[in-house]
Amino acid sequence: MQFHHHGYVSGDPRVQPAAGIGLDRPEELPDDVDVLIVGTGPAGMIAAAQLSQFPGISTRIVERRAGRLPIGQADGIQARSVETFQAFGFAGRIAEEAYRITEMCFWHPDPDDPSRIVRGERPPDDPSGISEFPHLIVNQARVLDYFAEYMAHSPSRMRPDYGYEFRGLERSEDTDHVSVRLVRTAGEQAGQEKVVRARYVLGADGARSHVREAIGCTMQGNQAFHAWGVMDVLAVTDFPDIRTKCAIQSGAGGSILLIPREGGYLFRMYVDLGEVRPEDHGAVRSTTIEQIIARANQILHPYSLDVRDVAWHSVYEVGHRISDRFDDVPVEEVGTRTPRVFIAGDACHTHSAKAGQGMNVSMQDGFNLAWKLGYVLSGRSPESLLATYAAERHVVAQNLIDFDREWSTLMAKKPEELGEPGLLADFYVRTTEFLFGFMTQYPPSMVVGEPTHQRLATGFPIGKRFKSAPVVRVADANPLQLGHQHRSDGRWRVYAFADHDAPGRGSAVERWAEWMTGSPDSPVLSHTPEEEDLDGVLDVKVVYQQRHVDVDIRAVPGLFLPRTGPFGLVNYEKVFATHPEDDIFELRGVDRGGCVVVVRPDQYVAAVLPLDATDDLAAFFRQHLLIRTRQPVG
């Protein structure tokens, strides 16, 4: 964490100086805003948190509840989400209070007595070391709390506006705004209507989204006609793996997915309630908590479960559905007009909870859209950038639906229908990369380049998230993860991987740096406003092949030691060397001749280019950044 560059900070350095809208933020919801977010679930809160870093943009997030969510339904935090939390500054703190999954146990019917269950496979949670981040279990409410804290500490001093329910919207073709009708649901003004004019609207209002209905989107897909009871409980049991994630299948039919919860005592059970007839018409949802507990005891035989307290429970039927559109532009009009209203999270994709993907995918929806809205509204990018949200996230959602259909079908099968006892465990291990949230790969677009030079950095696949690796910071000899320095401040990252020569020897990376600070075609000079620091839009870092003791920081080009803040202080934290035990060039297949890796604000690799391909680098950024020319750096 860097601070003091605007003057001495004696308080909590996580609290950023107020700026822009945060200097005089209206207490009451204003009549006109730039972005109105409906719903304070994971998708809405991460979008608001990202937009809170753009203090010149008026963003408000409304919620029909009177206050914060006390207990959430989602709890599985995949490694990709923890990686994202790192960018928002709370990965370490939330990991401390969470339950960490290290392995999963699979229980099957005893071959000698199928009425009993016995432990089978117990594979490690991340058998191939996909991520350095853990797989966590923590209540959704705490995730939302951390995002709320981040927003409150941001320059815009954002916080949710509770007690407003969405009732409808109107978009006029001859205006650049959307009129949104809201009704107060709490307080002295309950029942009163308010109309807010917004340039853009994000509907993150859940599976029964009224925003989705208002823009005419339809959910496609079907139900699996299989019901599950879910309960968060405190109980006494003789089941030996009660503090380990388990998939339990009984000989009598039925299964349980057991998820230990944070705190050491609470746990969640998804209890198989069996097939649901089409003519049931939701009657299964009246299943009582006592019936769910009794069913769990049947499946756990010969073990027993004595439930002492129920924190929360529900009954749901598995459904696999996806919205036909993720914004308000009809298919036949794509490319002819700008989307003004978007939907994210459960508002556009619904599925079972057992794969632990809902909250995780929803947050990536919000992260994807928010920085793009920030760039368009701050004048950095053209409105055409916003069309990439639906194009990128619809494919991801469909992949999730397809995966969950297969996983939930396997979970619902009887042991004899599976054939091989280890089939479920094998599927779990084979799909770890998807489960951890790392299979997403965006196709080429205005913000994702062609893989023409992918061979220069094979471990940084274009379109996939930037996979971190150890490096050593030259200025202070600190070993750290390069990707962990990526903050959710809305900036692009440009990593220059140096060629063989050390600094000061006329290397290719030095010629590249000279072009970046001296050529009018340089993306740093072309797209960074004069009033901002040199790294205000593009955060440029260098990684040398030498050990840190062999890098003379006095010879490092000024591009990598930019001046910052009102005092023109030198930022020494952009110069890195290889780690003595884990060479990033070898770990990530980076060519020893050097290259440039461009990473989007949401942590996805956007381009890999040779150091001498400066024209290509300039052309890539000009696809999506507007020209804001500044003077060369002397």
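The model is predicted, so local features are given only at pLDDT of at least 70 and side-chain atom pairs only at pLDDT 80 or more, while totals for chains, interfaces and linings use all residues. Residues are numbered from 1 along each chain as its sequence is written, and side-chain values use heavy atoms, with hydrogens and water left out.

**A buried lysine**

Let's start with K574, which sits in the loop between β24 (569-570) and β25 (575-578). Helices (H or I, at least four residues) and strands (E, at least two) are DSSP runs, numbered from the N terminus. K574 has a relative accessible area of 3%, so it counts as buried; buried means under 20% relative accessible area, exposed over 50%, and partly exposed in between (1.4 Å probe, protein chains only).

The K574 side chain has a polar contact of 3.0 Å with the side chain of D535, and one of 2.2 Å with that of D539. A polar contact is a pair of N or O atoms within 3.5 Å; within protein, one must be able to donate a hydrogen and the other to accept it, and residues adjacent in sequence count only if both atoms are side-chain atoms. Setting aside residues up to four places away in sequence, K574 also touches others, including R491, V540, F560 and P562. Contact here means heavy atoms within 4.5 Å.

**Backbone spots worth a look**

Most residues other than glycine have a negative phi, and most peptide bonds are trans.

H4 lies in the segment before β1 (32-38), and R157 in the loop between α4 (140-153) and β8 (161-162). The peptide bond from H301 to P302 is cis, with omega near 15°; P302 belongs to the loop between α6 (289-300) and β16 (305-323).

**The nonpolar cores**

A nonpolar core is a set of buried Ala, Val, Leu, Ile, Met, Phe, Trp, Tyr and Cys residues joined through side-chain atoms within 4.5 Å. The largest one has 171 residues, and F147, W492, F497, W512, F560 and V597 have the most contacts inside it. Helix α7 (residues 358-377) supplies the largest share of this core, 11 residues. A second, separate core has 23 residues, among them W107, M231, I256 and L305.

Beyond its neighbours within four places in sequence, V597 is in contact with residues including A457, F460, Y495, F497 and V608.
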